[in-house]
Amino acid sequence: MLTARSIALFAVAALLEIGGAWLIWQGVREHRGWAWIGAGIISLGAYGFVATLQPDAEFGRILAAYGGVFVAGSLAWGMVADDYRPDRFDVIGALICLAGVAVIMYVPRR
């Protein structure tokens, strides 16, 4: 049950952080304006709070593992929002990152 909760929190964190960065990108690079930038800033702030809800109490471990989720999530976001098509090396790299997340977060420790 804790693993499922942790995975769900990583997914929500990814949506908030990647979505927030994308909104700011759209506001600045695509000239969509301050409302997009503001929404992005709010989303990025919410991401910081979601990360604190992880069952593990180790900040370094959570952020290190989230890095792998961010890599895979960013590629997925690009596919959905920007018509990006990852090549096989993108996919292999993302899978390696997710394997790292599994080792960092979910391998039993003494």
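How many residues does the largest nonpolar core have, and which of them have the most contacts inside it? I started the notebook with that question.

**Entry 1: ground rules.** I am working with a predicted model, where local features need pLDDT of at least 70, side-chain atom pairs count only at pLDDT 80 or more, and totals for chains, interfaces and linings use all residues. Residues are numbered from 1 along each chain as its sequence is written, and side-chain values use heavy atoms, with hydrogens and water left out.

**Entry 2: the chain.** I looked up the elements and found four helices and zero strands in the protein chain. Helices (H or I, at least four residues) and strands (E, at least two) are DSSP runs, numbered from the N terminus. The order from the N terminus is α-α-α-α. I noted a C-alpha trace that spans about 50 × 35 × 20 Å along its principal axes. For contacts (heavy atoms within 4.5 Å), I took those with a separation of 6 or more; 66% of them join residues 24 or more positions apart.

**Entry 3: surface.** The protein chain exposes about 7,100 Å², and 71% of this comes from carbon and sulfur atoms. Accessible areas come from the Shrake-Rupley method with a 1.4 Å probe, and for residues only the protein chains shown count as cover. Buried means under 20% relative accessible area, exposed over 50%, and partly exposed in between. I read that 29% of the 110 residues count as buried.

**Entry 4: the core.** I can now answer my opening question: the largest nonpolar core has 13 residues, and Phe-10, Tyr-66, Val-69 and Met-105 have the most contacts inside it. Such a core is a set of buried Ala, Val, Leu, Ile, Met, Phe, Trp, Tyr and Cys residues joined through side-chain atoms within 4.5 Å. At least two residues of this core come from each of H1, helix H2 (34–51), helix H3 (59–82) and H4. H1 gives the most, with five residues. I then followed Val-69, which is in contact with Phe-10, Ala-14, Leu-98 and Val-101, leaving aside neighbours within four places in sequence.

**Entry 5: Ser-43.** I found Ser-43 in helix H2. Is Ser-43 buried or exposed? Ser-43 counts as buried because its relative accessibility is 11%. Residues up to four places away in sequence not counted, Ser-43 touches Leu-16, Gly-19 and Gly-20.

**Entry 6: two loop residues.** I checked phi next. Most residues other than glycine have a negative phi. His-31 is not a glycine, yet has a positive phi of about 55°. I located His-31 in the loop between H1 and H2, and at 71% relative accessibility His-31 counts as exposed. Asp-83, also a residue other than glycine, has a positive phi near 60°. Asp-83 lies in the loop between H3 and H4 and is exposed, with a relative accessible area of 59%.

**Entry 7: the largest pocket.** I looked up its volume, which is about 170 Å³. Helix H1 (2–29) and helix H4 (88–106) are the elements that give two or more residues to the lining of this pocket. H1 gives the most to this lining, with three residues. Among the lining residues I noted Leu-2, Asp-56, Tyr-106 and Arg-109. A pocket here is an open set of points on a 1 Å grid where a 1.4 Å probe fits, with protein on both sides within 12 Å along at least five of seven lines; lining residues have an atom within 4 Å of a point.

How values were computed
Grid points are joined across faces, edges and corners, and a volume is the space filled by probe spheres set on the points. Buried means under 20% relative accessible area, exposed over 50%, partly exposed in between (1.4 Å probe, protein chains only).
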